[in-house]
Amino acid sequence: MDWIALTLSLRLAAWTVVLLLPLGVLVARLLAWRRFAGKGFVEALIALPLVLPPTVLGYYLLVTFGGSSPAGQAFQAVFGRSLVFTFEGLLLASVIFNLPFAIQPIQRAFESIQPDLREAAWVSGLSRWETFRRIELPLAWPGVLSALVLTFAHTLGEFGVVLMVGGSIPGETRTIAISLYDRVQAFDDRSAATMSAFLLAFSFVGIGLVSHLTRRIGSRHG
Amino acid sequence: MDEAPNAGLRVRLAQETPIALDAELTCEPGEMLALVGPSGSGKSTILRTIAGLVRPRDGAVSCNGETWLDTARGVDLPPQQRAVGLVFQHYALFPHLTALDNITISLGALPKEERRARAQALLALVNLSGFEERRPAELSGGQQQRIAVARALARNPRVLLMDEPFSAVDQVTRRKLQRELVQMRRTLRIPLVLVTHDLEEARMLADQLSILHRGQTLRRGPPTEVMSRPGSALVARMIGLTNLFDGVVREQRPDQGYTMLEWRGRLLEARYDPAFQPATRVTWVIPAETVILHRRDRPSRGERENPVSGVVDEFVPLGELASVRVLVDGADELPLSFVVPTHVARRNGVVAGVSVTVSLLADGIHLMPAEARDDRKAL
């Protein structure tokens, strides 16, 4: 078992969730309730990582983040580090390829909230922020929870994008999925088996937890 | 209660799109105004405009001397700043909160430690003490409606708005909730606005009716007045009056209190109405309850009053009362409907096919401007 890779993966997943969830809630709520020109285009763009081969996504991120691109140069100038083959670059890639996993469940959850509940809140004297905090967010909570677990588990398992953008630097960009591949290449079957079993168990428990909690909250709301 | 000249609710709305509105209404403290009209007549939109959930192109809303909306001056307070209580058609209770919390959440203006006691008092007001910890899904439709009313009252509103508040419950519960509302009204010294498509409900509960059609207030007044003197054939049809006929005004007799009306070659005495010159074509209506069946065995008083004969076309006993339709002069196009106690109808041998004579009480005959052909098709 590659503990360094596991720790790195957990750190990456945690940071991805921390950055992505607030953004996801914001974007999902906008997509659920607002009508604007180009909404279909935005939704398609967000869903793209679901169908795009991870290596394709990885390639474009690599090009975008690279030292010869404006984005890469700007990051380099501000933080004195490169975006490619670093943890920061990996995190940014992770946020991007997890967009659909975070946004879609939350968007569905917001869409299922009756519009008259918000109006009832306003008429009850709740400001828009209070309405969001005390009515919308609690009602959308199952969706947020799904997004959290899906994003976390998906980050642990992502391979193609990570390899393209991060490479395989121990302690910096070598995640558990990359490490697993390395172990198989090195005929280290024991380690590979342990790590595979861990990822399998983690994913299974995560999905089970989400469906259980979602059902419990759902039955409470009737 | 203070009787300031601008106390109560004043509403004036006008716009072309998205829903045409041309409405004007007022409601005094303690008064219940019913907005009645078919679906799409704009009644819910008017209610939502008062609450600040919809903004009209052109309009003004003031309540208790406070201006909530005045498009001319650019005033448009958000719902949070308007002291309204709104009962939604499907109640819109917060599903994740208990009954008590659904009410407490509206008490943001009170100090924290007073909220619980106040919410308990409101629950008691709507007869739901003991249901504090239930969630909406665990309450019956009638109980949910009561929570919605309690929540609407929690803000100490200056006006209580109710959007079809009885439409989502069964008949028995509806009667009960309506009685409770009548009871509660005695303690509420604020304007109450009720939106309904149920005319019976409006008649029973409201002090004032406002009849809406395509966003326009067509007629307004106390229910008995609107029902007996609708003012236009369109309103008469909207409120379900069926005895509508065309006639010509022949003579005004103010000294006797009659306007003489010619109808199918006979002269009828109608209640005096100076608005129509002799020779004016009119549409007239007579409410079913002012059509009196003559007894067959012996004549009674009042038979001199506008006697009209015809053949019974339809006789439908509905429990204690029976609905009778008579074809006047045997003519198909002139059905005259009225209601008699079933036992009276039986005693007088009223069945389909027999000839009967009725009196059209002069006081019940209401003259209106002649109805244009298109209006007839409008409904």
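A:T86 counts as buried because 20 C-beta neighbours lie inside 10 Å. A:T86 sits in the loop between helix 4 (70–79) and helix 5 (87–97) of chain A. Helices (H or I, at least four residues) and strands (E, at least two) are DSSP runs, numbered from the N terminus. Leaving aside residues up to four places away in sequence, A:T86 touches A:R81, A:E172 and A:T173. Such a contact requires that the C-beta atoms of two residues, placed from the backbone, lie within 7 Å. Between the C-alpha atoms of A:T86 and A:R134, 48 residues apart along the chain, the separation is 39 Å.

Before I continue, a word on the source. This is a predicted model, in which local features need pLDDT of at least 70, side-chain atom pairs count only at pLDDT 80 or more, and totals for chains, interfaces and linings use all residues. Residues are numbered from 1 along each chain as its sequence is written, while chains are lettered from A and ligands numbered from 1 in the order in which they are written.

On confidence, the model scores ipTM 0.83 and pTM 0.84. Chain B has a mean pLDDT of 89, with 95% of its residues at 70 or more; pLDDT is the predictor's confidence in each residue, from 0 to 100.

I turn to helix 7 of chain A. Within this helix (residues 115–123), A:R118, A:E119, A:A120, A:A121, A:W122 and A:V123 are buried. What do the buried residues of helix 7 of chain A pack against? Their partners are helix 8 (128–157) of chain A, together with helix 1 (43–51) and strand 7 of chain B. Just after helix 7 of chain A, A:G125 adopts a positive phi of about 95°.

Now the interface between the chains. In total, 21 residues of chain B are in contact with 18 residues of chain A. The side of chain B that touches chain A comprises 13 nonpolar, 5 polar and 3 charged residues. Here Ala, Val, Leu, Ile, Met, Phe, Trp, Tyr, Cys and Pro count as nonpolar, Asp, Glu, Lys and Arg as charged, and the others, Gly among them, as polar.

Chain B itself contains 10 helices and 21 strands. Its C-alpha trace spans about 75 × 50 × 40 Å along the principal axes. Of the 379 residues in chain B, 39% are buried. The domain assignment, automatic or from a database, gives domain 1 (9–237), domain 2 (242–286 + 362–379) and domain 3 (298–360). Domain 2 contributes 10 residues and domain 3 contributes 7 residues to the contact between them.

Finally, some backbone details in chain B. Most residues other than glycine have a negative phi, and most peptide bonds are trans. The peptide bond from B:T17 to B:P18 is cis, with omega near -5°, and B:P18 lies in the loop between strand 1 (9–15) and strand 2 (21–27). B:A92 has a positive phi of about 50° and belongs to the loop between strand 7 (84–87) and helix 2 (99–104). Is B:A92 buried or exposed? B:A92 counts as buried, because it has 25 C-beta neighbours inside 10 Å. B:R264 also has a positive phi of about 50°, in the loop between strand 13 (258–263) and strand 14 (266–271). With 13 C-beta neighbours inside 10 Å, B:R264 counts as partly exposed.

Definitions and conventions. A residue is buried if 20 or more other C-beta atoms lie within 10 Å of its own, exposed if 12 or fewer, and partly exposed in between; C-beta atoms are placed from the backbone.
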